[in-house]
Structures are given as C-alpha cells and as structure tokens.
Amino acid sequence: MDAIYRPEIIEPEAQRHWDEKQAFKAVEDTSKAKYYCLSMFPYPSGKLHMGHVRNYTIGDVLARYHRMKGFNVLQPMGWDAFGLPAENAAIANDVAPASWTYANIDYMRGQLKRLGLGVDWERELATCKPDYYRWEQWLFTRLFEKGVIYKKMATVNWDPVDHTVLANEQVIDGRGWRSGALVEKRDIPMYFFRITDYAEELLSGLDDLPGWPERVKTMQRNWIGKSFGVEIHFPLAERHQTGGEVLKVFTTRADTLYGVTYVAVAAEHPLATRAAAGNPALAEFIAECKQGSVAEADLATMEKKGMDTGIRVYHPFTNEAVPVYVANYVLMGYGEGAVMAVPAHDERDFAFAQKYALPIKPVVKPVAGELTLPLSVAYVEQGILFDSGDFSGRTSQDAIEKIALVLKALNLGERRTTYRLRDWGISRQRYWGCPIPIIHCPTCGDLPVPAEQLPVTLPEGVKIDVGSPLKRMPEWSNCVCPKCGGQAERETDTMDTFVESSWYYARYACPDLTTGMLDGRANYWLPVDQYIGGIEHAILHLLYARFFHKLMRDEGLVSTDEPFKNLLTQGMVIADTFYRDLPDGKKQWLNPADVEQRNGAWVLKADGQPVLAGGSEKMSKSKNNGVDPQSLIDQYGADTARLFMMFAAPPEQSLEWSDAGVEGAHRFLKRLWKMVYEHVEQGVVSAYSGGESTEPLTDFRRLLHQTIDKVSDDIERRKQFNTAIAAIMELMNAMAKLEGDDALTRGVRQEALEAIVLMLAPIVPHICRILLKALKPGACLIASPWPTVDQAALVRNEIELMLQVNGKLRGKLKVAVDAAKDAIEQAALSSPEAQKHIEGKPVKKVVVVPGRLVNIVV
RNA sequence: GCCCGGGUGGCGAAACAGGUAGACGCAAGGGACUUAAAAUCCCUCGACUUCGGUCAUACCGGUUCGAGUCCGGUCCCGGGCACCA
C-alpha cells in the first residue's frame, strides 16, 4: 500500500477495473430481490453542474448500498435529448441541433463516468434517437385511434415580428425575447392527451404512495384540484323557458348565490364575442385582453380589468337582472369560462366591484356574531345565510345542498365535481422534438401513420433559424395518404419533450428491443424502487409520468399502477446570478465563476467593469449560473467531490453553492488513508471476534456498533448522508484516541477499520476499494456485504439522565439502566444540584422521561 | 396572485417521537513540529456576565412541567404555476 493518497491514480484504475468486470451490468434474476434505482436523466446542456453531481451521487450511494445489502440492482443512465436549448444553441452558434446535442452527450458521459457511478452503461438511451422515439410514435397512434388523443384549438404566445410561437420562458415582461415585440395570444390547433379522464385515479393513487414525500403529494392534489360545487345556469331571457339560452357558471360557494351582483366571462367566451360585434369599445378591450403571455403567473399578477358587455342575465331564483362583464382574470380553460361574482364574499370580486362601483351585497354572516357593515374586506368564511329568500337562516353547507336541489328541480343547474387539471396539450411548433405521427389528407382527414411506416424520422443535419424548418421542407412533409393513396401532408409539429421523459424509466428495462416498446423485462424491473430528482419536477414531470404509466398499463404494456414506489426529491443547488443590461433592453447573464467582488461591488474579472446581482436561483443554462464540477474533480478527485456534496446538507434541502469545506472533505480522506496505512504497516491481523476485552475497548466497540446501526438507518430509512458521514467522523476521532498496539487492540482496530471502509464505500467507492484490499488482501469491494451490528456490543449498565428544575438544566444524574421510576425520583430529589435550586420550596411534581431526563417542578 | 417548502453561531449544518440547542465539519485565533513554508498534530471558538448565572433557533403571540420541534399571525428567501427541463 502506497503511503500517500493519490486519487488521480486510484480513481481511473478503479473505474477501468469495474468497466472490465462489467461490475454494474444488470441481469434479470428472479432468485434475488431487485432494486431499481433511478436518477432523473439529464438534459444534455453542455456540461454537468453541481445539481447533477448531487442527484447522481445520491442515486449511486443508494444503489451501491443496496447492492451491498444483497439486492439485484439496476442503475441506468440516459439523455433527455430533445428540447429548446438545442435550437437556441443552433441559432447562436450556427450548428445543427443534432450535432450540438450529440457532442454534449459525449462530453457529459465522460464527466459522469469520471464521477465513478455504478451505472449499467449498456442500457444508455437518448430520446432523440429514432429507435427510442419510434415507440413513442407507435403508442401515440394507438392512443389516437382509441380517442385518448384528440385535436382542439389552444392559445399560445405569438411573436408578431418573428412569426413564431414562444415558450413562456421566452416571454419577458410581455415581450418576445429576441424580437422585443409585444406578445399576442393566438389560437392554433393542437393535439391533447385526455389526462382529465384519469384525474380521479391520479388523485386517489397518491394515497397508495407511502414512499413519496408528503409535500409532493400535496402539490399534486392541489394541482389536480378536485372541487365539489354547483353548476348554475343564468338565463339570458327575463322570462326563461325551459330549453332557452343560459350562461353556465361553476361555483363552490352556491350559498352566496343571493349575493351575486355581476357575472364575469373570459375574453374568449362566446357571449363576449357576440357582444363585441356591435360594440367597438368592447371589441378593443377584448383585443387588449388578448395581449400578453398565456402564463398563469402573468395572468394572476396583472391588473384586474373588466368591461360591461351590456348583456344582462337573470338570477335563477329572484329573476333580477345581473350585468355580464368581460374580465381579464377569468380563464376560458377552467370550468365554463364564466364565474358568478359575489363581491361581499370573495376577495377578488370585492376589489373588482370597488374598482367599477358595482354593488356589494352581503348574504353570509359568521355563526357567532355579526358582520360590520359596510364591509371593508370580503367575508370569505362560511357561516349563516341571510337576505337569501327561503334559504335565510341555513348554514352554508346546508344551503349549498338545498340550493343545488332547487336548481335541479328548475332545470337551472345541479351538483357538479370539477377538476382544476386541464388536458395535456402536446403539440409544439418546433423542430428539435419527436414528430407527431399524423398524416393530413384533404379527403380522409387526420390519420395516424401506419405502424409499418414508423418511425417518422426527424431529419438531422438541418440548419435552423427562427421557427421550425419542418414547415419549409415539402420533401419531408409531402406524403401519400395511407387510406386513399392520394397526395397528403405530414403533421409538422413535434411533441412536448415531457412525453419522452414520461416513459424512459420503462424503456431502460429493454432499451435494445426492436420489435416493440416494452417486453417482459419491464415487468421484472418495474416499478422503480427509488426515484431521485429535483423538487422542481414535483408536479409536471411526475404527474405526466404517472399518467403515462397508466396509459401503458391500459395498453397491456406494464402490469403495475404506479411507476415510482419511493421518491426522493432533492433540493435545488442554487447559485448567485449576475447580469448586465444590454443596449437593446435584454440581459446578458454572466457566470459566477467569471465575477468577483472588488471594494464591495461585483465586477467581471475579464474587464473589471461592474455587473448587477440578480439574486440566487437554481443552477440553469438560461441564467448562466451553473458551476462546473470539473475543476473540483480535477483538483481533488471524484471521491472528494462526492463526499463533499453528501456532507454539505441533507438531500431534500436546497443548497446554496459554496466550495468552502472542500478542503475539509479532502483532508478527511487523507486522514482515513493514513489511518489504514499506519495500521496495515504493522502487519496483517484479523478482526476482533469476541472473547476477552478491556473497558476502553468495550466502550469503543459499543460506539462502533452504535455507529454501524446509525449509518445503516441514516442511509436506508432517513436518506440523510451528512449525519451518516458525521457519525463515521466521530468514530474515527474516538479511534484516534485509542492507545496500544497489543494484539487485542489491533484486532478491534481492524474490526473498526473494515467497518468504516465498508460504510463509506457507497459514498467514496474508489478509495474504499484500495483500502479494503490493504486491510484484507484479496478482498473485493463490490462483492462485499454491508457490515452487521453486534447486538452484544451495544449492551450498557449505566445511563446518564438530565436533571432539570422547572425546566432548566441543573445537573446530570447517573442511574442504572433498569432503575425504577421511584428510585430515580428519590435520587434526583436528594442530589445536591436539585437541593440547591429547590431551596426549600414545595415540590409540585416530578416528571421522569425514561432514558432522558428528570424534571422537578416547584 | 395562487400552491409547496425553508429561515438555528462568522459559514455549511445537528438535535430522528415535545425532553442536554449548536454533534460533525469549514473559517478564524493560539500552540507543537520545521532553517522556513506546506502538510500534520494539539487547544480555544453563540452573546452577555457581578462567574452565581442570564439570554439566544427570522419576528410577534399561544399551548405545555418543558417548544428549534405543536398552534395562530407577520416578514424574508427558494421551488412550481401547464411551451425551460
């Protein structure tokens, strides 16, 4: 064994060794329990950033740990290779998206291998390859025929200067990021997945996922947004006849029906369009509402505006006329695109009514007490109805039931359950994505591409500028109708990249399959036992993947209901952002590595000129604040990078990036190396295996086995690696104090070092491989089992209790481990520390918490 | 704006089920070794203190013998909001 720790030598050697042995090749084996450990695959943005290192190290620690515990482990890796950044890079650097993407994949694969991940690289896949996306297209055609996919109009961000559709990210302050033009909303035809058909199952299925973090399930529940309410019809004619025209609204607060003072409809609502026909001012307002982005965050924060349509509807019970407003805050896509407004009992309606001097009519008061009138804020709680006709005096809950019944009898509404969840629009007017396998025939309509003609291959090597080149490639889009044989055209839109990432976890089971999407191997490996990824995917990706799993199940492709049994959502690695304002009003984002602080101000290192700080955000390409781990790995090695990342914070917590402490992690590995070196230099010894002992050795062995117990629990149950590492550090500190070179002491030291090396192996595998071979010549790390706890070593006779008087710590008390409660009380009361603070005052009671403390209350 | 998290020493954090606040590490200061430096090793390290203690887990209030942990409210930071992935 070398006296000096040299990661630059031992790490490549270990990686070469594992490669040659195919150490991490996963083979289906029904004789062993399987463990499918999956980290979310990366988008090949160019270089790894610290968030990737965190994600993949967590996954690798869990995979290697379970391997040591005897599981048949699968840990694959691949590339989420379609997407917008490739098009942006292609425009900026005048390269084809495909070659940019493949070059990034090659570079990042090298970086991942350098991290020493225990990945089965034979299963690697890239979603931009036809052998992957052809099965996505195949499933699409089946779902299209089944009616799970349909076409309808949808609103997008339209850049009127570049004549292109913009992603929400590309709209900055209501303007296109490249052109600077004011963005407009535009309706275009798109394909949709009927995810709302699965809303109920997606919601109830969350209850069967005990291995998911509660916060993720809460977010998904809120996103699906099941609400029980009442659909209410407001007739358009004063003397309503059954079958006459009505305006439908949905509300969860039917109890406030008598407080309705206006009805608000979305700008796209047919009633608004009708009213605008003879009203230029209204038409102009509706046009104004159609400006700006479609993002909900923008809609929700903009100024609430509205305009009277002049149309009146009639209250279903009182027959009073109610004005219909067009309001920019009403969403066409939710409910009926119309809401009944009750200013007295809804904050948003209250503000709107005040702005437009509309009446505010309270009809619900608290169960105990009265409303102070006039209202200064909306009263939004439920309560007791008043001024509500026959319903006055009823509770809100009761009134909702009764009102629904009466409406039903009048044929003017009924109880209804709605979901906030909307169908999933997957059409993208972009080039670098999976082509939607549809053929448009002027005589036969929209037809799915026949299975034998799949895949519809995306032409690579295409140069692009603004917009999708597919729309300008008739040689690609012209085709023959599979039904009538006439001249037809291919769909030129591509799919949302969330579609690819919704099923890749299943394809890893059989990435080489050329005759189908999935085979029986998928049912061996699925569900994923442990899924690890950023919390930013809590809703969209994880919901879409759950949905897709159910679609595949209903096609008979998989046999389970849910794809991911256990989920670990790692916190974001965030870093400062810096920028400069460019003359054209755009921002130039600068990497934190190129920026430094001089005299209290941030400047660019290159030119010394000031830059602006933009706050901390998750590391991303768009904000250029990713920190490349490469220099860290080059300088200290992969083990140090892994150890440092795992020690910095618990996985679920967000982590502000700082490299302070890297030295410490490296120092720890050097210390470990030295400790093993000095031990083995004295000759081979076998580990302590029972028999005689001394008090210090018994105490040390108790700590050793407590540590094994704690580290196992930290990794397996708590998935908290920082405390596992801290416990091992404590153990090593205690061992450093252990004196003597006699055979007994050296045997205990051998036992401890073997355990330490094995416990650290999932985190820092390269160094542990060498250290284990030094400790036990001929031993193979990746075939070694996890250390076991010697229960006998844990036994103790005496414990220390905290002694409190009135909840304040006053001393400590040593008692026998099996001491009776009375004896503990007596010992506590008679102790000098307690006597001193009792000062003769009467003792009210004594609280004894077994194994913890005694509290004397005076 | 809405939904979900978070806030503890100079810094990253620990305290797992309401029971010793600050484990472990970083930085800093002091010392040993060295011609010197690096490396390594040892010690100190929340604030105040009359050296008895007192205060302290973003802020305000509550429950409890006892609150970083539970409840109500406020402020700040991060994630998501359906076309970034």
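Q: How do strand 26 and strand 27 pair, parallel or antiparallel, and over how many bridges?
A: Strand 26 (residues 530-534) pairs with strand 27 in the parallel sense, over four bridges. Pairing requires that DSSP finds at least two bridges between two strands. Strands (E, at least two residues) and helices (H or I, at least four) are DSSP runs, numbered from the N terminus. The model is predicted: local features need pLDDT of at least 70, side-chain atom pairs count only at pLDDT 80 or more, and totals for chains, interfaces and linings use all residues. Residues are numbered from 1 along each chain as its sequence is written, chains are lettered from A and ligands numbered from 1 in the order in which they are written, and side-chain values use heavy atoms, with hydrogens and water left out.

Q: Which residue is the bridge partner of isoleucine 532 in strand 27?
A: The partner of isoleucine 532 there is leucine 568.

Q: In what order do the strands of that open sheet run?
A: The order is 2-1-26-27, four strands with parallel pairing. Strand 2 (72-74) and strand 27 (567-570) are the edge strands, each pairing on one side only. On average, neighbouring strands are turned by 15° against each other, direction ignored. Angles run from 0 to 180 degrees between N-to-C directions, and axes are lines fitted to C-alpha atoms, for helices over the stretch in contact.

Q: Which strands does helix 2 lie across?
A: Helix 2 (residues 50-68) lies across strand 1 (34-39), strand 2, strand 26 and strand 27, and runs at about 175° to strand 1.

Q: Changing topic: what is the order of the mixed sheet?
A: That open sheet has four strands in the order 13-14-12-15, with mixed pairing. Strand 13 and strand 15 (338-341) are at the edges with a single partner strand each, so one side of each has no neighbour in the sheet. The twist from one strand to the next averages 30°.

Q: And what lies between strand 13 and strand 14?
A: The two strands form a hairpin with six residues between them, and asparagine 319 in the turn has a positive phi of about 65°. Strand 13 (residues 306-314) and strand 14 (residues 321-327) are antiparallel and share six bridges. Aspartate 308 is opposite tyrosine 325 in strand 14.

Q: How many bridges join strand 12 to strand 15?
A: Four bridges join strand 12 (residues 262-265) to strand 15, and the two run antiparallel. Alanine 264 stands opposite valine 339 in strand 15. Helix 9 (residues 280-289) packs on this sheet, touching strand 13 and strand 14, and its direction makes about 115° with that of strand 13.

Q: Which part of RNA strand B does arginine 718 approach?
A: A phosphate oxygen of RNA strand B is 2.9 Å from an N or O atom in the side chain of arginine 718. For arginine 717, a side-chain N or O atom is 2.6 Å from a base oxygen of RNA strand B.

Q: Is glutamate 751 buried or exposed?
A: Glutamate 751 counts as buried because its relative accessibility is 11%, where buried means under 20% relative accessible area, exposed over 50%, and partly exposed in between (1.4 Å probe, protein chains only). Glutamate 751 lies in helix 23 (residues 743-760).

Definitions and conventions:
A polar contact is a pair of N or O atoms within 3.5 Å; within protein, one must be able to donate a hydrogen and the other to accept it, and residues adjacent in sequence count only if both atoms are side-chain atoms. Contact means heavy atoms within 4.5 Å.
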